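Student: I have a new structure open and would like to learn how to read it. Could you walk me through some features?

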Amino acid sequence: MRLIVFGCSQTYGHCLPDAYVEDKSTWDKIGIAPAPSKLAFAQHVGDYLGRTVHNLSWPGGSNRNMWYEAVHFEYEPTDIVVCAWTMPDRSMIIQKQEKQHLGTWPSVDALNKAYQRFTALSNSLKDSELTALHLIDHTHKVVAPQVANILHYKLIKENYEVIPKWASFKFQNSLSHMVPYDKMDYALDNAHYGVESHKSIARQMIQDLTIGAN
């Protein structure tokens, strides 16, 4: 049986000890490890449940990327799916079958700079959140009938505070709320969740799954 997980860098376990890569060509001098961290919460949850983990998250990934991956994945009826939805001000386009991830991080890439100018001019978090909610809702409607269970989380509690009446999903919690303040630690970049923080998230997620949340 399998645990299928979608998310961004926090879910990937970016910059945990087994997923830290130096890359002087990037703006923060950090590259992306070739595989998700085995110290990330997804692996802890899968190990506890006795399931093979497919961590399909990606650092810098957007909700659009998560939606794209989730609706095209080949599921099995016994699968459990966890979606850790990210910041609403990111996006993704596909050029010649290759993905271009877009966000507000420092960049010298012309396409990403153009996207940043667009988001700065539009300056509408409410609009980007509404777009994200449609993606989440469509993901739930497509995936839920195919699997044993699907749970949705958000990255920080301040995002997506108002869920429309038409939404078919619910958020279990936010990752930021699942890490006690006195237990929070950081990865090697001093920005992403550390080893103990991932353990805290995993403990709460295991509880959510084992009490039969839908």
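Tutor: Let's begin with the largest nonpolar core, which has 22 residues. A nonpolar core is a set of buried Ala, Val, Leu, Ile, Met, Phe, Trp, Tyr and Cys residues joined through side-chain atoms within 4.5 Å; buried means under 20% relative accessible area, with exposed over 50% and partly exposed in between (1.4 Å probe, protein chains only). The residues with the most contacts inside this core are Leu3, Phe41, Val45, Tyr153, Leu175, Ile201 and Met205. At least two of its residues come from each of β1 (2-6), α2 (41-49), β5 (80-85), β8 (149-154) and α6 (195-210), and α6 gives the most, with 5 residues. These helices (H or I, at least four residues) and strands (E, at least two) are DSSP runs, numbered from the N terminus.

Please keep in mind that this is a predicted model, where local features need pLDDT of at least 70 and side-chain atom pairs count only at pLDDT 80 or more, while totals for chains, interfaces and linings use all residues. Residues are numbered from 1 along each chain as its sequence is written, and side-chain values use heavy atoms, leaving out hydrogens and water.

Student: Which residues does Leu3 touch?

Tutor: Contact means heavy atoms within 4.5 Å. Setting aside residues up to four places away in sequence, Leu3 touches Ala42, Val45, Gly46, Arg51, Thr52, Val53, His54, Ile80 and Val82. There is also a second, separate core of 19 residues, and Val81, Ala132, Leu133 and Tyr160 are among them.

Student: How do I describe two packed helices?

Tutor: Use the angle between their axes and the distance between the axes. Here the axes of α2 and α6 come within 8 Å and cross at roughly 45°. Axes are lines fitted to C-alpha atoms, for helices over the stretch in contact, and angles run from 0 to 180 degrees between N-to-C directions. The helices α2 and α6 are therefore oblique to each other (under 35 degrees is roughly parallel, over 145 roughly antiparallel, 65 to 115 roughly perpendicular, and the rest oblique).

Student: What should I look for in phi?

Tutor: Most residues other than glycine have a negative phi. Cys15, in the loop between α1 (9-12) and β2 (21-22), has a positive phi near 70°. Tyr160, in the loop between β8 and β9 (171-174), also has a positive phi, about 55°.

Student: Is Cys15 buried or exposed?

Tutor: Cys15 counts as buried because its relative accessibility is 0%. Tyr160 counts as buried too, at 1%.
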